[in-house]
Amino acid sequence: DLAMYRAKSLGRGRVELYDTGLHDIAVERLRLEGSLRRALANNEFILHYQPIVSLETHDIVGFESLIRWQRGPGDLVPPGDFIGVAEDTGLIVLIGGWVLSEACRLLAQLQAKFSRPEPLTMSINISPRQFIQPDFIDQVRRAVSGAGLEPRSVRLEITETVTISDPERTILVLKALHDFGVRISIDDFGTGYSSLNYLHRLPVDTLKIDRSFVTGLGITVEGTQIIRAILDLAENLKIDVVAEGTEHEGQIRQLADMGCHYAQGYYFSKPLPSNDLEALLDSSAPHSKVTARTTN
Ligand code: C2E
Ligand code: MG
Ligand code: MG
Ligand code: MG
């Protein structure tokens, strides 16, 4: 983009720079797309899992699955570096299908080992491109039923972007998923521009307050007010709220005081490889309370 801007502002005689810039970007994306295809074929994607914690009891109620690309030993690529290209090229449909079945498989394993009055849940990120696939509902059914899970323990995280692109179809798809029994979460809530008017027409179970608002908690007046507004809205609509990106004890205390029921963030735990989850759940059986850890 920068190269393009420079080329334009320099005018004639610099067309080559313009071409080269675009060409490099295109080549880089093509190369990344090829690598992502190979990564999928070679099973190089892995999921990390971050606990979601009750602010009343500090029990772990479930996990969110978060993808990483293990490109080589000690080379773990975060989703921000490849989800965009996967989305643009459509590869996200295949990758997302793998995420669904892998996260469901792991949840079934955890539920079998750690039984609870309320079964542990798994929250799974769904990209807009994946959501609009004609067979998306089938994909979800297959993953959930294939793992032998009760649908209610699976939570699909969609963003407001998904909900505004084709509102009427979104409502139909969400209703079908909800009738099947999976739960629906709106991720990064407050950062998009979905109309609040429309929200009550969606079968939404959970709002996840974006980290940017949690960061402002107790620091800016607006940060606190936005969170209060989201909590009020959720209470009126009888929707659960999870605060994302909680890092400090002060935020936890304030969120609990404000009536927020769940939180997720480094204060409790970073996302962990699946191998570490049993120890985490074991460490304080039977309720798996997580103790605050100092991070960074
Ligand atoms: P998200 O769904 O909003 O996930 C939360 C992100 O915040 C995660 O980053 C998580 O590691 C990070 N986080 C959690 N607690 C804290 C905290 O206390 N402080 C800070 N600074 N960060 C925290 P991650 O794992 O890099 O994922 C980034 C985004 O990539 C996700 O945002 C989601 O939009 C996307 N993503 C991840 N996995 C998948 C996937 O399987 N499919 C799709 N379509 N997107 C995914
Ligand atoms: Mg998410
Ligand atoms: Mg989120
Ligand atoms: Mg977020």
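Me: Before we look at β8, when do two strands count as paired, and how many bridges join β8 and strand β9?
Reply: Two strands pair if DSSP finds at least two bridges between them. Strands (E, at least two residues) and helices (H or I, at least four) are DSSP runs, numbered from the N terminus. In this predicted model, local features need pLDDT of at least 70, side-chain atom pairs count only at pLDDT 80 or more, and totals for chains, interfaces and linings use all residues. Residues are numbered from 1 along each chain as its sequence is written. Between β8 and β9 (residues 262-263) the sense is parallel, and the number of bridges is two.

Me: Nice! Which residue of β9 is the bridge partner of Ala243?
Reply: On one side, Ala243 in β8 is the bridge partner of Ile209, and strand β7 (residues 206-209) pairs with β8 in the parallel sense over four bridges. In β9, the partner of Ala243 is Ala263.

Me: Which protein residues are donors of the magnesium ion (ligand 3)?
Reply: Donors are N, O and S atoms within 2.8 Å of the metal (3.2 Å for Na, K and Ca); water is not among the atoms, so sites may look incomplete. Along the chain the donors follow the spacing D-D-x55-E. Lying 1.6 to 2.7 Å from the ion, they are Asp187 (OD), Asp188 (OD) and Glu244 (OE).

Me: Which residue bridges the magnesium ion (ligand 3) and the magnesium ion (ligand 2)?
Reply: The two ions lie 3.5 Å apart. The bridging residue is Asp187.

Me: Are Asp187 and Glu244 buried or exposed?
Reply: Buried means under 20% relative accessible area, exposed over 50%, partly exposed in between (1.4 Å probe, protein chains only). By that rule, both Asp187 and Glu244 are buried.

Technical notes: Chains are lettered from A and ligands numbered from 1 in the order in which they are written. Side-chain values use heavy atoms; hydrogens and water are left out.
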